[in-house]
Amino acid sequence: MKEVIKNSYKVYKDDLSEVILEFDSLGRNFGNQDRNALKLFDLPFGVINVKSFKIPNLVNKIAYRFFRKSKAQRSYEYANILKSKGIGTPEPIAYYEFQSLFFFGKSFYVSQQIDCDYTYRELTTDFSIPNYETILRQFTRFTFQLHEQEINFLDHSPGNTLIKRTTAGYEFFLVDLNRMKFGPLTFEERIKNFAKLTIHKSMIEVMSDEYAKCIQRDYNEVFDLMWASTLEFQERFHRRKRIKKKLKFWKNH
């Protein structure tokens, strides 16, 4: 077992190791369990969120063992980069990897649990949320700050931004961090980064308006590209679903 623990949490090394080694039998399930397992654990310093990444396929067992950083390592390192740039994300605590001589096995990413008021996903389903437009515009400015800090969050999708109400307004925290690119973004890359967030034209109109103000570009130029990128992503998404459905049909017959 390889373990990397943030210095300020090394005093809790034994507690953290027990959580990882007894992950299947301890803790309580949290969130979406479709691809990876998420659990919450109560430790002396607070509640932690542990993400257990599923064992990769044979090719990736070799790739992650010798050539690529694991999802857990990337999540931990990217979280530290975000924190250093002043971008909200749950406090990174540690990551763990299990591997043999030739193959990579399971990995875990540990962070502090954040109790949020909403996720972005709720903005796409409940238009009666108090201060709805204010939240959406502040989220857009948050995304602009990501881009200004040269962060391209490749999984900028509805479930991956937590929203917390504060006395000063709203704070935003990114989760599911293992897919990011760092470096200057072109105008097209910036706007296409919104493509996965919503199917609602009314939301695209508000975000386009706010982003156009932030970047000082024409509203129509921003909206046209954001809406076209959204439609293009939706088409690709539904095409993949149709293909998977057909493959599943033929596999079962």
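Colleague: Which side chain does D209 meet in a salt bridge?

Modeller: D209 pairs with K213, at 3.2 Å from N to O. By salt bridge I mean a side-chain nitrogen of Lys or Arg within 4 Å of a carboxyl oxygen of Asp or Glu. Before we go on, this is a predicted model, where local features need pLDDT of at least 70, side-chain atom pairs count only at pLDDT 80 or more, and totals for chains, interfaces and linings use all residues. Residues are numbered from 1 along each chain as its sequence is written, and side-chain values use heavy atoms, with hydrogens and water left out.

Colleague: Okay. Where do D209 and K213 lie?

Modeller: Both lie in helix α7 (residues 201-215), four residues apart, about one turn of the helix. Helices here are DSSP runs of H or I with at least four residues, strands are E runs of at least two, and the numbering starts from the N terminus. An α-helix has 3.6 residues a turn, so residues three or four places apart point the same way.

Colleague: Is K213 buried or exposed?

Modeller: K213 is exposed, with a relative accessible area of 51%, while D209 is partly exposed at 22%. The cut-offs are under 20% relative accessible area for buried, over 50% for exposed, and partly exposed in between, using a 1.4 Å probe and protein chains only.

Colleague: Which residues are linked with D209 and K213 in a network of salt bridges?

Modeller: E133, R137, R141 and E210 join D209 and K213 in that network.

Colleague: And how many salt bridges does the structure hold?

Modeller: There are 17. One of them joins E91 and K6, at 2.8 Å from N to O. E91 sits in the loop between α3 (71-84) and β5 (92-99), and K6 in the loop between β1 (2-5) and α1 (13-21), so this pair ties together parts that are 85 residues apart in sequence. E91 is buried, at 19% relative accessible area.

Colleague: What about D42, which residue does it form a salt bridge with?

Modeller: R28, with the closest N and O atoms 3.0 Å apart. D42 is in strand β3 (residues 37-43) and R28 in strand β2 (residues 28-29), so parts 14 residues apart in sequence are tied together. D42 is exposed at 52%, and R28 is partly exposed at 39%.

Colleague: Switching to α5: why is it largely enclosed by the rest of the structure?

Modeller: Because 12 of its 17 residues are buried. Among them are Y132, I135, L136, F139 and R137. Helix α5 (residues 132-148) reaches 24 Å from its first C-alpha to its last, close to the 24 Å expected at 1.5 Å a residue. That expected span is 1.5 Å times one less than the number of residues. After α5 comes E150, with a positive phi near 65 degrees.

Colleague: How many residues has the largest nonpolar core?

Modeller: It has 44, and I135, L136 and L174 are among those with the most contacts inside it. Elements that each supply at least two residues include α3, α5, α7 and α8 (219-251). A second, separate core of 15 residues includes Y9, I48, A94 and Y96. A core here is a set of buried Ala, Val, Leu, Ile, Met, Phe, Trp, Tyr and Cys residues joined through side-chain atoms within 4.5 Å.

Colleague: Last one: which residues does R35 touch?

Modeller: K54 and D176, not counting residues up to four places away in sequence; contact means heavy atoms within 4.5 Å. R35 is in the loop between β2 and β3 and counts as exposed at 60%.
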